[in-house]
Amino acid sequence: MPAAISDEKKQFINRQVFAIYARYGFDKISMDEVAAKAHISKATLYKYFKSKEDIVSHMVHNVISNMDSMQFTADKDIDEALKSIQGCYCKAILVTAHSGSAFMNDLQNKFPVLHEEYLKAVGNVQERFQNFYNHALKEGYCRNIYIHLIAIQMRTVLPEIVNSSYPTRHNISLETVIKEYYRLLLCQLLNEKYLYVLEQENTYAFSKELAGNLENALFIADVK
């Protein structure tokens, strides 16, 4: 009897496979190729995924789970508001990293039911963030801006910077990329009297761990 594979190992395999599919798409890769690129046997791959369709379903529900976990608080404490913004930012990066353009095209064209689930989850996040922003604006944490522009900006910027080749092309570390874009978001969102947080080192403490997670797990698709 083969030894059971730990949950940690299973999650490692999941991350590898998800990243490969997000990059290469449904039609351009076979289960044999997925196993090879993930450095596992085909038999091991089939323990977790019955087919390519099963992988897509897992990917979508993993992304939806990340979106569903985005919670926002802007009660009587600026620190709580900042935690909400930071949490949203981190989850948005992870969702973007798992949702490459090839994967999203496949989802829309080949898996309409999953695509509808994905769009519903996106809508729920946007509604929660709008409610958060309205409350933060009332409490004085945020400035009065057209908040939908932030959402549009994130949809266009994040796919560009959450790319394994971006730091190399621009001679910058992934940690710095994550940190600088977060700084830009805070500049746009926060009321002027709270901009002092931009100079606090602990404001960006999360960026190193997040960059490490992305480099170690989400960019495995670059392996040829």
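The legends below describe several close-up views of a predicted model.

Residues are numbered from 1 along each chain as its sequence is written. In this predicted model, local features need pLDDT of at least 70 and side-chain atom pairs count only at pLDDT 80 or more, while totals for chains, interfaces and linings use all residues, and side-chain values use heavy atoms, with hydrogens and water left out.

**View 1. The protein chain is built from eleven helices and zero strands.** Helices (H or I, at least four residues) and strands (E, at least two) are DSSP runs, numbered from the N terminus. Of the 224 residues in the protein chain, 46% are buried, a word that stands for under 20% relative accessible area, with exposed meaning over 50% and partly exposed in between (1.4 Å probe, protein chains only). Among contacts (heavy atoms within 4.5 Å) between residues at least 6 apart in sequence, 72% join residues at least 24 apart.

**View 2. The largest nonpolar core holds 74 residues.** Such a core is a set of buried Ala, Val, Leu, Ile, Met, Phe, Trp, Tyr and Cys residues joined through side-chain atoms within 4.5 Å. Val-17, Met-67, Tyr-89, Leu-107 and Ile-178 touch the most other members, and helix α5 (residues 78-98) supplies the largest share of this core, with eleven residues. Not counting residues up to four places away in sequence, Met-67 touches Val-95, Tyr-118, Ala-121, Val-122, Val-125 and Arg-128.

**View 3. Ser-84 lies in helix α5.** The relative accessible area of Ser-84 is 5%, so this residue is buried. When residues up to four places away in sequence are not counted, Ser-84 touches Gln-71, Phe-72, Thr-73 and Phe-132.

**View 4. Helix α10 (residues 174-189) has 16 residues.** From its first C-alpha to its last, α10 reaches 23 Å, close to the 22 Å expected at 1.5 Å a residue, where the expected span is 1.5 Å times one less than the number of residues. The buried residues of α10 are Leu-174, Val-177, Ile-178, Tyr-181, Tyr-182, Leu-185, Leu-186 and Leu-189. They lie on the same side of α10 because they cover an arc of only 165 degrees around the axis, the arc being that of the directions from the helix axis to the C-beta atoms.

**View 5. Phe-26 and Phe-111 form an edge-to-face aromatic pair.** Rings of Phe, Tyr and Trp (its six-membered ring) pair if their centres lie within 6.5 Å, and planes under 30 degrees apart count as stacked, over 60 as edge-to-face and the rest as tilted. A search of the whole structure finds nine aromatic pairs; in the pair of Phe-26 and Phe-111, the rings are 5.4 Å apart centre to centre, with 80 degrees between the planes. This pair links distant parts of the chain, 85 residues apart, with Phe-26 in the loop between α1 (7-24) and α2 (31-37) and Phe-111 in the loop between α6 (101-110) and α7 (112-139). Both Phe-26 and Phe-111 are buried. Elsewhere, Tyr-89, Tyr-181, Tyr-182, Tyr-204 and Phe-206 form one aromatic cluster.

**View 6. Asn-171 sits in the loop between α9 (166-170) and α10.** Although Asn-171 is not a glycine, this residue has a positive phi of about 55 degrees. Most residues other than glycine have a negative phi. Asn-171 is exposed, with a relative accessible area of 73%.
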